[in-house]
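I open the notebook on a helix pair, a ligand shell and a loop residue. The entries follow the structure.

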Amino acid sequence: MGKRLDGKVCIITGAASGFGKAMVHEFIKEGAKIFAIDISKKVQDLKKEVDGELHTYSADVSNLIQVAEAFKKCNEIYGRLDILCNNAGITGLVETPLHEFNLEAWDKVFAVNVRGAFIVLQEAIKMMLKSGGGSVVNTGSIGGYRATPGSSAYIVSKGAMVMLTKQAALEYVKDGIRVNSINPGTCNTPLLDDFSQEAKDFLASQVPIGRLGEPVEVAKLALFLASDESSYISGQDHIIDGGRSTE
Ligand SMILES: NC(=O)c1ccc[n+]([C@@H]2O[C@H](COP(=O)([O-])OP(=O)(O)OC[C@H]3O[C@@H](n4cnc5c(N)ncnc54)[C@H](O)[C@@H]3O)[C@@H](O)[C@H]2O)c1
């Protein structure tokens with residue numbers, strides 16, 4: 001049996017850590033050619049970790065020029081794009097009531113999570129239109145559906161990802177481009193580094209399955225949506241949260 005992403009060219013943003021890094025590992029095992037983007041120079045370390053075709057690039061997804069240059073570089077190397085994992089994101093200011101939420105902190109979260117995701121999506125669609133189709137996997141969050149006290153910027157930004165997914169899916173369905181989102185509950189990534197073990201244990205206790213999710217579990221959902229196995233699925237939000245949203 002062939003590999004699930006054999007020869008497919010894939011851009012992953014936020015690739016240096018957490019879900020993005022796990023996607024790099026899972027996708028490359030399935031034969032994808034990866035162009036990994038992250039604001040952190042640590043993205044280069046991926047080269048030591050994986051065996052396969054991988055290029056890394058440092059760029060800030062909220063910076064139009066840097067994103068355009070990154071996509072130009074990917075085009076020079078591979079000449080096409082089949083898959084985008086639009087995954088870079090930040091939590092930003094938390095534990096702050098909405099009426100006291102600092103506007104600069106709000107703008108920063110929106111710059112990365114919404115503007116960044118939009119710019120990256122625009123560039124990817126341009127390449128996919130030339131490549132004759134493709135699959136986009138946006139990383140949303142269950143925060144796109146349920147409010148969390150004190151995190152207004154993050155929650156509202158992830159709500160935007162829900163409609164960005166549907167909007168793009170509808171606009172490009174006839175061009176053979178599918179757009180879906182993955183929407184994780186709380187998972188064990190460096191995004192949680194600021195939380196104490198006690199806080200992580202509390203978060204895990206809230207999940208019906210009894211533990212936090214692991215990056216590899218989220219990456220495997222992204223893999224399915226990126227691959228042709230999900231050829232009839234577009235415009236949908238795929239929740240992966242250990243059963244949390246059943247409550
Ligand atoms: N971990 C969770 O519990 C959880 C739950 C739901 C959704 N998410 C979402 O998953 C995505 C990945 O998060 P993660 O948990 O793997 O976090 P992470 O912090 O481990 O990884 C995020 C990566 O994005 C990069 N990044 C941040 N800002 C960037 C920018 N401006 N340009 C380019 N790269 C940038 C970081 O350097 C980092 O490598 C985010 O969109 C996050 O909101 C995470």
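I count two residues as in contact if their C-beta atoms, placed from the backbone, lie within 7 Å. The model is predicted: local features need pLDDT of at least 70, side-chain atom pairs count only at pLDDT 80 or more, and totals for chains, interfaces and linings use all residues. Numbering runs from 1 along each chain as its sequence is written.

Helix pair. I took helices as DSSP runs (H or I, at least four residues), numbered from the N terminus. In α1, I find Gly-18, Phe-19, Lys-21, Ala-22, Met-23, Glu-26 and Phe-27 meeting Pro-215, Val-216, Val-218, Ala-219, Lys-220, Ala-222 and Leu-223 of α7. The residues of this contact divide into 10 nonpolar (Ala, Val, Leu, Ile, Met, Phe, Trp, Tyr, Cys and Pro), 1 polar (the others, Gly among them) and 3 charged (Asp, Glu, Lys and Arg).

Ligand shell. Of 27 residues around the ligand, Gly-14, Ser-17, Gly-18, Gly-89 and Thr-189 come nearest. Helix α1 gives the largest share, 3 residues, and both α1 and α4 (103-131) supply at least two. By class I note 11 nonpolar, 14 polar and 2 charged residues.

Loop residue. I found Ile-209 in the loop between α6 (197-205) and α7. Ile-209 counts as exposed because it has 12 C-beta neighbours inside 10 Å (12 or fewer is exposed, 20 or more buried, in between partly exposed; C-beta atoms are placed from the backbone). Ignoring neighbours within four places in sequence, Ile-209 is in contact with Gly-242 and Gly-243.

Terms used. Near = placed C-beta within 6 Å.
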